[in-house]
Amino acid sequence: MLTLGIILCYLLGLSLLFVISRKYTLPELVGYSFLIGMGFETFFLFLLDVLNIRYSTSVLIGVNVFAIVAICISNYKNLLQLKNEFKLPDLSLSKINIPALFIFCVMAYLLYAINVKNLFWPATEHDTIGSFDKLGKIMALEGKLKISLFQYHLEGAGGVYPPLFHGSMAYVYIFGALTSKITTTLFFLSLITTFYSLLRNYIDATASMFFTLLLMVTPELFSHAALSLDNMPATAYAGGAVLATYIWLDKRDRKYFWLGAILMAFTIWIRSDTIVFTAAALFVIGIDFLRKKDLKSALIYSTIAVAPFIIWTLYLKLKIGVGQEGRFDLGIGYNSTRMGLMASYMKAFMWGGEYGRIDGGQLYGIAFILFFVMLFVNAALMFKAGVMKIVNDKLYVLVFFFVALALYFTVFYLINEVAQHSPIYSLMESSFKRGLFCFLPIALFYVATNYASAWVFDKVEKFRTAK
């Protein structure tokens, strides 16, 4: 039954993708089908709870089959065109990119290795045992989102989180899974396939594979590919949302508009602190509206992106009976000690230094270091390539990164340590550290696609193809 549940999830996402466009590549279909499919599966669980319909295998099969059939029937004319447009890939030896194939094989082995650990090593993380996995299991057993644990305040910290992550665990448990960690593997696969597909809009296969491998082996992120925590899945949604939105702004390809909006909605449907990416997206969309005067697109994107936050906030207030505002101290003002401590941690995270129990190099490898080095390189190239050419190069990517990072820093600065039951240094070494995962795809996308990198990899590709 678990296999059926996963297939239904992919088919749901795939059917929705084909409503948007028939022009998605295979990596996009693999990655986005699961992210969108599982996002909607958890929204179905939410709606069933609101309607007081108990979860069960038969109910979810019925909901999925009905939704998939209805979507396909409404889109049948579009689907009929797929037969004429489908082409088998050219597998002739002369067309094979040997360096890209080699990197792909390395990535496939690493995915296999981490998946073996993932599926045969039980969940041991404190947050998942005390909250996420526990929530998923009880949701599957009791058949609802507001489970009995809330009555006794045993839901754990994840109880007030939006339901996408523990809802995905509940989904696979409903279909008979012995462990929910299959979702971790599928989220990780979606992260690397979507990142690769987004890079391919700007750089060749060799460079795209190389930077996807660099993202994949970022030490702390790779370790989370075998953990039952929500930071890596949140990275798949946030990274995909930001970069798809950027590609739409840059190329005006409508299929990326809808991808960006839907994934941004699910970004806030998995973790509340990812609202910083929603806010950054609204800021960027606002700038684009002032430039392009495209009011319709701005309103549609903003509505889709913000709706889940409003829906979940109302659910917490009206049905769970809790709020999240009590976790923040909005009257803290400027605290030099707190600011200095957080800035020191930030420096260690971004530049690979050490502070407290943190070694940024061991956590993020060279990912963030490369990002800032590339900023300096491009600044140095201003006089050669032209000031405006460098300034405008991937400007929206930089705005996304720095606006979201500033807001993320502010969110943690305002956290009430008493209400959170944790001192700020502990939060920086745990929650803040893991939350920086979401910035990795954005940083490496800029490193891979900016003016200087494009020039280097263009020379490499010409050498490889002897042009």
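What share of the 467 residues of the protein chain counts as buried? The figure is 51%. This is a predicted model. The protein chain holds 24 helices and two strands.

**Overall build**

- The C-alpha trace of the protein chain spans about 65 × 65 × 50 Å along its principal axes.
- Among contacts with a separation of 6 or more, 79% join residues 24 or more positions apart.

**Surface and charge**

- The accessible surface of the protein chain is about 21,000 Å².
- Carbon and sulfur atoms account for 69% of that surface.
- The protein chain carries 38 positive side chains and 27 negative ones.
- The centres of these two charge sets lie 7 Å apart.

**The largest nonpolar core**

- The largest nonpolar core has 148 residues.
- Phe277, Phe349 and Leu436 have the most contacts inside this core.
- Helix H11, residues 231-251, gives the largest share of the core, with 13 residues.
- Phe277 touches residues from several parts of the sequence, beyond its neighbours within four places.
- Its partners there are Ala238, Val242, Met264, Ala404, Cys438, Phe439 and Ile442.

**Phe44 in helix H2**

- Phe44 sits in helix H2, which covers residues 26-50.
- Is Phe44 buried or exposed? Its relative accessible area is 17%, so Phe44 is buried, as the cut-off for buried is under 20%.
- Phe44 is in contact with Leu12, Val63 and Ala67, leaving aside neighbours within four places in sequence.
- Leu12 lies 32 residues from Phe44 along the chain, and their C-alpha atoms are separated by 12 Å.

**Met374 in helix H17**

- Met374 belongs to helix H17, residues 367-380.
- Met374 counts as buried because its relative accessibility is 12%, and buried means under 20%.
- Beyond its neighbours within four places in sequence, Met374 contacts Tyr446, Val447, Asn450, Ala452 and Ser453.
- Ala443 is 69 residues from Met374 in sequence, yet the two are 10.0 Å apart in space, C-alpha to C-alpha.

**Asp204 in a loop**

- Asp204 lies in the loop between helix H8 (182-199) and helix H9 (205-216).
- Asp204 is in a loop, and it is buried, with a relative accessible area of 19%.
- The C-alpha atoms of Asp204 and Tyr24 are separated by 17 Å.
- Along the chain, Asp204 and Tyr24 are 180 residues apart.

- His153 has phi near 60 degrees, a positive value in a residue other than glycine.
- Where is His153? Its place is the loop between helix H6 (126-142) and helix H7 (164-174).
- His153 has 67% relative accessibility, so it counts as exposed; the cut-off for exposed is over 50%.
- Arg252 is not a glycine either, and its phi is positive, at about 60 degrees.
- Arg252 is found in the loop between H11 and helix H12 (254-268).
- H11 is the helix that gives the largest share of the core.
- Arg252 counts as partly exposed because its relative accessibility is 32%, a value between the cut-offs of 20% and 50%.

Note on methods
Residues are numbered from 1 along each chain as its sequence is written. This is a predicted model: local features need pLDDT of at least 70, side-chain atom pairs count only at pLDDT 80 or more; totals for chains, interfaces and linings use all residues. Side-chain values use heavy atoms; hydrogens and water are left out. Helices (H or I, at least four residues) and strands (E, at least two) are DSSP runs, numbered from the N terminus. Buried means under 20% relative accessible area, exposed over 50%, partly exposed in between (1.4 Å probe, protein chains only). Contact means heavy atoms within 4.5 Å. Accessible areas come from the Shrake-Rupley method with a 1.4 Å probe; for residues, only the protein chains shown count as cover. Lys and Arg count as positive and Asp and Glu as negative; His and the chain ends are not counted. The place of a charge is taken as NZ of Lys, CZ of Arg, CG of Asp or CD of Glu. A nonpolar core is a set of buried Ala, Val, Leu, Ile, Met, Phe, Trp, Tyr and Cys residues joined through side-chain atoms within 4.5 Å.
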